[in-house]
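Trainee: I would like to go through this model with you. Can we take it one question at a time?

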Amino acid sequence: MSGSIITCEDVCVAYGRTEVLHKVNLEIPEGIFLPFTGPNGSGKTSLLRAILGLIPIRKGQIHTPFQQNTAGYVPQHKVIDPLFPVSVQQIVGMGLYPKRRRFRPLSSEQRAAVESALAMLDMAEHADKTFRELSGGMKQKVLIARALVSEPDVIIMDEPTSELDEQSEQEVLGHLLKLNRQQGKTVLIAHHDLELMRMLTSSMCQVRHGKASIVPIKNGGEVHA
Amino acid sequence: MHEAMTCLYCQFPEALSAGLLVSAVCALLGVFVILKRAVFIGITLSEVATCGVAASFLLGIPPLAGSLALVLASVSLLAIPFEKQRIPRDTLMGIMFIAASALSILLVSKSGPGLMEVNAVLYGDLILSSQKELYSLLALLVPALLLFLIFLRPILYSFIDREAARVLGIKTWIWESLYFLMLGVVISATSQIAGALLVFCYLVVCPATALILSKRIKWVLLIAPIAGMLATFFGMVISFEHDLPTNQTICIVSCMLFGIAAAVSWIYQKLIPTIQPH
C-alpha cells in the first residue's frame, strides 16, 4: 500500500435539516480492501455516495482521482428499469463508456473485456438476455460485471451481494479479494455481514452516529477502537 | 387504392412529406418518452403548444414563436428536481394540462380571427400543410433529429441508469435537458401542423408498436419511425379515398398497427416454446 487515494476532510452530509454525516475525516490508503460497516441508517451509503460525487456535501472537501479515472460502482438497489430493451452485454458495455469512441460500436478488445467480465461471474450464457429476463441475483451480477469491466483502480460497492446465494457471494468476494491482492485495486464495500468481513481483511471503516473511522481488526476478529 | 396513392402524391406532396417527417421524428423521440414512463408529458406539451398558438393570435405574434416560448418554459419548469417536492412531477403535468386546455379555449374565444380559422391552426390538419410549413418543419426537425442521433449514447445511458452514468463521467443533466429541449421544440413545431392528438399518437402509439415487436433498443429505434411513416402513409391514403378526416384516420391506423404488432408478438411468444428443440 502507498499513499491515500481518497481523502475526506471535515465532510458533512445532510438531507434537509437532518445531518447524516458530521465532520468525517478519512484517509483511505491506495490498494486497501476496506469494508464499510455500521448499523442501518448509520450513513454508510451516504458516505460512499458522497465519495462518488453522487450527493452534495454540505461542508468539507473530498479528494478523489475520479476526474481522471472513473470508479467502478455497484449501487445498493437495482436501478435499471426493466422496461429498457437493452441486453446484458449492452449494460456491461456501458461500463466502458469513458474508453469508447463516439459512434463506434465496441471494439474486439472491448467485446472480449465484456465477455470476460461476464464469464468471471458465470453470466456468459446470459449475455444476450434483456435485464428484465434475469433473476434478482443475476441482475446484481450484471451490475458487478459493469463495475469491473473497465478494470478501474477504485471499486465501490454498496451491499453488492445482498441478493446473491452463499456460493455466489463467496465467488464475488473472492474475485474482489483477488483484484485487490494481485492487481492492487482499492475496494470499498458496504457489507452487512461483519463476521465475514473480519475474515477477509485487516481493517474496516466503522460508520456510527454520523462519524466514520478506519479501525484495525485483531486476528481473533476483535476490532481495535 | 393505387389511384388514391397517386392522387395523394400529386395533389398533396407537402402534406405527405410533412406527415412522414413528423411521424418519423416524433416516433423516434417517443421511444424515450415511453421508456422514461413519461407518456403524460407528450399530451401535456402538445396542449401547451396549442395554448401557445392560441396566445399568439391574441398577441399578434407568429404562432410558432408563441408555442415554442410556452413549451420551452414548461420544459424548464418540469426539469426542476422533484425528488424532494411534496407533489410528484406527474401532478404538475396534470395541472399544466388542465390549465393549457382551458386557456386555449378562453384565448380562442377572445381572439380576432374567425373561430374556424383559429381552430384549424389550433388543432391542425395534416392534409392542409403548405410548402412554407414543410420548410419550417425541416428547419427545426432535421437539426433536432441529428442532435438526437449524435448524442444517442449519452442520452440512452443517462436514461438507463442516471447514477451509474454520472459515475462514468456523463453529465446526465445536460443530456436529459437536451432531450427534453428537443422534445419541446419538436412538439411545438409539429402540434400546429399535425394537431395535439396526432402528435401524441406519434409519441406513444408508434414507439409502443416498436417496443412490442423488439427487445433490442437499436431495432426499437428503427421500427418506431417506420411504424409512424407507414401509419401516416396508409392513413392519408384511406382518408383521401374515403373522404375521412386525415389526422383521426392516421391515429386509427396507428392503433390498428399496434394491435397487429401485439397479436403477432403474442402468437410468436406462444409458438416459440414449441419450436425450440428439446
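Trainee: How far apart do the C-alpha centres of domain 1 and domain 2 of chain A lie?
Mentor: This is a predicted model, where local features need pLDDT of at least 70, side-chain atom pairs count only at pLDDT 80 or more, and totals for chains, interfaces and linings use all residues. Residues are numbered from 1 along each chain as its sequence is written, while chains are lettered from A and ligands numbered from 1 in the order in which they are written. Chain A divides into domain 1 (1–71 + 152–225) and domain 2 (80–151), with bounds from an automatic or database domain assignment. Their C-alpha centres are separated by 24 Å.

Trainee: Which element gives the most to the side of domain 1 of chain A that touches domain 2 of chain A?
Mentor: Contact here is C-beta atoms, placed from the backbone, within 7 Å. Eleven residues of domain 1 of chain A and eleven residues of domain 2 of chain A take part. On the domain 1 side, strand E6 (154–158) and helix H5 (166–183) of chain A each give two or more residues; helices (H or I, at least four residues) and strands (E, at least two) are DSSP runs, numbered from the N terminus. The top contributor, with three residues, is H5(A).

Trainee: What does H7(B) pack its buried residues against?
Mentor: Helix H7 (residues 131–150) of chain B has 20 residues and reaches 28 Å from first C-alpha to last, close to the expected 28 Å; that expected span is 1.5 Å times one less than the number of residues. Its buried residues include Leu134(B), Leu141(B) and Phe148(B). Buried means 20 or more other C-beta atoms within 10 Å of a residue's own, exposed 12 or fewer, partly exposed in between, with C-beta atoms placed from the backbone. The partners, in chain B, are H2, H8 and helix H10 (172–194).

Trainee: Which helix has the largest share of the side of chain B that touches chain A?
Mentor: The contact joins 17 residues of chain B to 16 residues of chain A. Helices H8 (152–160), H9 (162–167) and H12 (217–242) of chain B each give two or more residues. The largest share, four residues, belongs to H9(B).

Trainee: Which element of chain B has the lowest mean pLDDT?
Mentor: pLDDT is the predictor's confidence in each residue, from 0 to 100. Chain B has a mean of 87, and 91% of its residues reach 70 or more. H12(B) has the highest mean among its elements, 95, and the lowest, 63, falls to residues 115–123, helix H6 of chain B.

Trainee: Is Asp243(B) buried or exposed?
Mentor: Asp243(B) has a positive phi of about 55° although it is not a glycine. Its place is the loop between H12 and helix H13 (246–275) of chain B. With 6 other C-beta atoms within 10 Å, Asp243(B) is exposed.

Terms used: Contact = placed C-beta atoms within 7 Å.
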